[in-house]
Structures are given as C-alpha cells and as structure tokens.
Amino acid sequence: MHEAKSRTQSVEDILSYLEERIAIDTTLLKYPPVVTDGGKDITECIEGRLLAYRGVKSFIKKGNWGEE
C-alpha cells in the first residue's frame, strides 16, 4: 500500500510540475517573439516544449504509464 501511495504522490508531483511549466510557457508565448539575451529567437523551441509538456500531461492523465 505504501508503494501505491508513494507512486500516486510522485505522479501528482509530476503533474504539478507540468502545470507550472505549461503556465510559464503559455505566458511567454503571449508576446512573441521570445528572444534570448543573445538575440536568438527561440519561439519555436518554446512552442515545441509546450506541446511536449501537454502531451506528457495527457499521457499521464489517461493512465498510460506502463501498467498492465
């Protein structure tokens, strides 16, 4: 039982992290272009990362993390 509770807590921690990162990246993309201190436009990188975070979140929410 302890293992299941620990795993649930870990999943909740991951989802919390993803929510935080999604919120940050969404905010960054409200005012494109996203430019680094060196002048490089990283808007596409942020968009890709945001898609990845959303995909992982969806995957976890559906319960598809390897259980049989």
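**Exercises on side-chain pairs**

Asp 25 and Arg 21 are 4 residues apart in helix α1, so about one helical turn separates them. Helices here are DSSP runs (H or I, at least four residues), numbered from the N terminus. The model is predicted: local features need pLDDT of at least 70, side-chain atom pairs count only at pLDDT 80 or more, and totals for chains, interfaces and linings use all residues. Residues are numbered from 1 along each chain as its sequence is written, and side-chain values use heavy atoms, with hydrogens and water left out.

**Exercise 1.** Find which residues are linked with Asp 25 in a network of salt bridges.

*Solution.*
- Step 1. Apply the criterion: a side-chain nitrogen of Lys or Arg lies within 4 Å of a carboxyl oxygen of Asp or Glu.
- Step 2. The side chains of Asp 25 and Arg 21 meet this criterion at 4.0 Å, N to O.
- Step 3. Asp 25 also forms a salt bridge with Arg 49, at 2.7 Å, N to O. This pair links distant parts of the chain, with Asp 25 in helix α1 and Arg 49 in helix α2, 24 residues apart.
- Step 4. The network therefore consists of Arg 21, Asp 25 and Arg 49.

**Exercise 2.** State whether Asp 25 is buried or exposed, and do likewise for Arg 49.

*Solution.*
- Step 1. Take the cut-offs for relative accessible area: buried is under 20%, exposed is over 50%, and partly exposed is in between (1.4 Å probe, protein chains only).
- Step 2. Asp 25 has 0% relative accessibility, so Asp 25 is buried.
- Step 3. Arg 49 has a relative accessible area of 30% and is partly exposed.

**Exercise 3.** The structure holds 3 salt bridges; describe the one between Lys 57 and Glu 19.

*Solution.*
- Step 1. The N to O distance between the two side chains is 2.2 Å.
- Step 2. Glu 19 belongs to helix α1 and Lys 57 to helix α2, so the bridge ties together parts that are 38 residues apart in sequence.
- Step 3. Lys 57 is partly exposed at 22%, and Glu 19 is partly exposed at 37%.

**Exercise 4.** Classify the 1 aromatic pair in the structure.

*Solution.*
- Step 1. Rings of Phe, Tyr and Trp (its six-membered ring) pair if their centres lie within 6.5 Å; planes under 30 degrees apart are stacked, over 60 edge-to-face, and the rest tilted.
- Step 2. The ring centres of Tyr 17 and Tyr 53 are 6.4 Å apart and the planes stand at 90°, so the pair is edge-to-face.
- Step 3. Tyr 17 lies in helix α1 (residues 2-28) and Tyr 53 in helix α2 (residues 43-61), so parts 36 residues apart in sequence are tied together.

Notes:
Helices (H or I, at least four residues) and strands (E, at least two) are DSSP runs, numbered from the N terminus.
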